[in-house]
Structure formats: structure tokens, C-alpha cells
Amino acid sequence: MANQTDVYLSEQVVVLFTCALSFLGSSLIILTYIIWSDLRTTPRKLLVFLSVSDWLSAVSYAFGVWRVFRTDSLECVVQGAISTFANTSSFFWTVAIAIYLYFLIVRSSQRFADSLVLFFHLVSWGVPLIITVAAVCLHKIGYDASEVSVGWCWVRISAPDHVLWMLLTGKIWEFLAYLTLPVLYILIKRHIHIAHAALSEYRPILPNRPQSQSFSSMADRKLTLIPVIFIVLRIWSTVRFILLLAKSPVRQSPVLVTLHGIGNTSQGAANCIMFVLFTQPIRTRLCTALFCCSKCRTEVQHSDDAPHRVPPGRDTSAQREEDNTDQAGTDR
């Protein structure tokens, strides 16, 4: 096929590695939620649903990269359908978490935020399922010659309306996420900064202020990183899609293909790093559970004793900010 993009062995190895990392990362997020009941807050529950989508994406993409399909086989269609559903669902759950945090923090309405969870389920599972079923029934899912993929199947490149179905099965939701996520997280950060500035006029200067600032800075970094990481990971597939529309041969560049493969398969690993490994209480628990080292036991003892040593009047708003703005809702 003249417009087929070759997938080299080195690209397969790299992308399979990132698939494995996302598989492990998504599994770890789900397992921590199951094991520790005190972590079962609504924000973390939403993160678990996102991790289920990322887990399915990692598995389906890994199978596609390993096989590197070259025909419209049944396996190709099944793999393409699963990855289409999981990838689209991941977009919806990522935006759903941002919307939940916006109403929880900016609007200060936990009841309304919680009432949205059912709606999130209907949209984040239902819309991808309807789109995927329609695409399969209309024979739109299949071999795409790796033109906007890295070995896996997606929308049949031979379909005359393949661009439309690429938009419906992923790209249009990806573009909307690019626009929605930065806006929501900027509004959340702005609200927090204004609230802190207003409260600072009435707070005494406490000796433990640097520790409070460390919690605040961690929350601030997470709010910045959520949309940034999403865009950095996903932008390469968008670039290749635009290059496909422009019929540019640059879309077949090995470097661009590799970046596309890494970006599309790394969301689960990125979420695990931010909301498990970079979340101190969970990191400490994991360290204790896995290694049982004396240092970890010391951290746990310090973490457990800390609330009893807080002097009267201590500023705890920064800690609450870390609890609320952490997408996993885990720092409790």
C-alpha cells in the first residue's frame, strides 16, 4: 500500500514498554483504592474509572503494537473497537474529573459535584460505547495502515469518510479536552490563589508556615501538570492527524511515530506517578507494604503522630487544598 507507515522493531519495543508501564500504573491506582478503604473518596473513585479506561487502552494498544496488523482481520476489528472505546472514554473521564473539581472547589458545592457522578457514568461510558458500536456496525473500524496509529487498528484508511470517523471516534473529543482542561484548571488555581490571598490578611505568621507552603506548592504543581501532561502526551497523535489531512509525508517520520506511540500509551503511567508516587501518604504506605524498611516505618509513625502535635491555630487550609486539588483525593 503506497501510503502505509512502516512500524520498526525499535518503535515496537519502546511503545510496548510504555504500554507495560501504563498497565502497571493503572493497576496500582485501582489496587490502592481496593486495599485502603479510607482512600475511597469520590475524586479517587473517578480516578479509578479513568484508570480502568487507561488499563483497557494499554492492553489493546499493546496487542496491536505486538501484532502490527496489515489486514482487516477479525482480531484487528476487535482490537480497534476496544482501543477506540477505551481511548474515547479516557478523554471523557479526564474532563469529568476536572469538572468535578471545579464545582467542588470553585463553586464550593460538594452535593452538586457528587450528583454529577451518575451523569459522568452515562456520558463517559455511554457515548464511547454508542460511537464504537456504530463504527463497528458500519464497518468503519479496521486496518488504518498505521497512518494515525503505531501498528494498532483504528478507522479503516480505505473508508471514503475515514476523516469524519476519525473525528467522531477520538479526535473531536481530544480537541475539546485540549480546550476544556486548561480553562477549568486555570479557574481552579485562580480561585485557590484568591482565597489564599484573602485569608493571609487574617492569619498570624506561624513557625510552621514553610510546611504549609510545601503542601500548597505541591497542590499548585499538580493543578498545573494535569492539563500540561495531557496535552504533551496527546499532541503527537494530533500532529500526525493534521499531517494526514495535509497529505504530508512527515507523518511517517520514525521520531514522530515513536512519540505518538509513547504519548497515546503513557496516560496510565503518568496518572500513577502524579497521584500515587507523588502523593506522600500513599507513597509511604506502599513503601511500608512492599519493603517494610525502618525508614518507611519512621515516616508512617511521623505521619500518624503529626495531627496530635498541631498547635492551636495552625493554618490547615494548605493541607485541605492538597486534599481537594489532588485529582485522586488521596491525601487523607
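Which hand does the crossing of α1 and α2 have, left or right? The views below start there. The model is predicted.

**View 1. Helices α1 and α2 cross with a left hand.** Helix α1 spans residues 9-35. Its axis and that of α2 come within 8 Å. They cross at roughly 155°. An angle over 145° counts as roughly antiparallel, and α1 and α2 are therefore roughly antiparallel to each other. Sorted by class, their contact holds 17 nonpolar residues, 6 polar ones and 3 charged ones.

**View 2. Helix α2 runs for 26 residues.** Helix α2 covers residues 42-67. From first C-alpha to last, α2 reaches 38 Å. That is close to the 38 Å expected at 1.5 Å a residue. Just after α2 comes V68. V68 takes a positive phi of about 50°.

**View 3. Helix α2 also packs against helix α3.** Helix α3 is made of residues 74-106. The axes of α2 and α3 come within 8 Å. Their crossing angle is roughly 155°. That angle makes α2 roughly antiparallel to α3. The crossing of α2 past α3 is left-handed. In this contact, 14 residues are nonpolar, 11 are polar and 3 are charged.

**View 4. Helix α1 packs at an angle against helix α8.** Helix α8 holds residues 267-277. Here the axes are 7 Å apart, and the angle is about 45°. That makes α1 oblique to α8. The crossing of α1 past α8 is left-handed. Which residues of α1 make the contact? They are L21, S22, G25, S26, L28 and I29. On the α8 side stand Q267, G268, A269, N271, C272 and V276. By class, the contact has 6 nonpolar and 6 polar residues, with no charged residues.

View 5. The chain averages a pLDDT of 83. A score of at least 70 is reached by 78% of the residues.

View 6. Where pLDDT is low, predicted coordinates should not be read in detail.

Conventions
Residues numbered from 1 in each chain as written. Predicted model: local features only at pLDDT ≥ 70, side-chain atom pairs only at ≥ 80, totals over all residues. Heavy atoms only, no water. Axes fitted to C-alpha atoms, helices over the stretch in contact; angles between N-to-C directions. Helix = DSSP H or I, 4+ residues; strand = E, 2+ residues; numbered from the N terminus. Parallel < 35°, antiparallel > 145°, perpendicular 65-115°, else oblique. Left-handed = near helix turned anticlockwise from the far one by under 90°. Nonpolar A, V, L, I, M, F, W, Y, C, P; charged D, E, K, R; others polar. pLDDT = per-residue confidence, 0-100. Expected span 1.5 Å × (residues − 1). Contact = heavy atoms within 4.5 Å.
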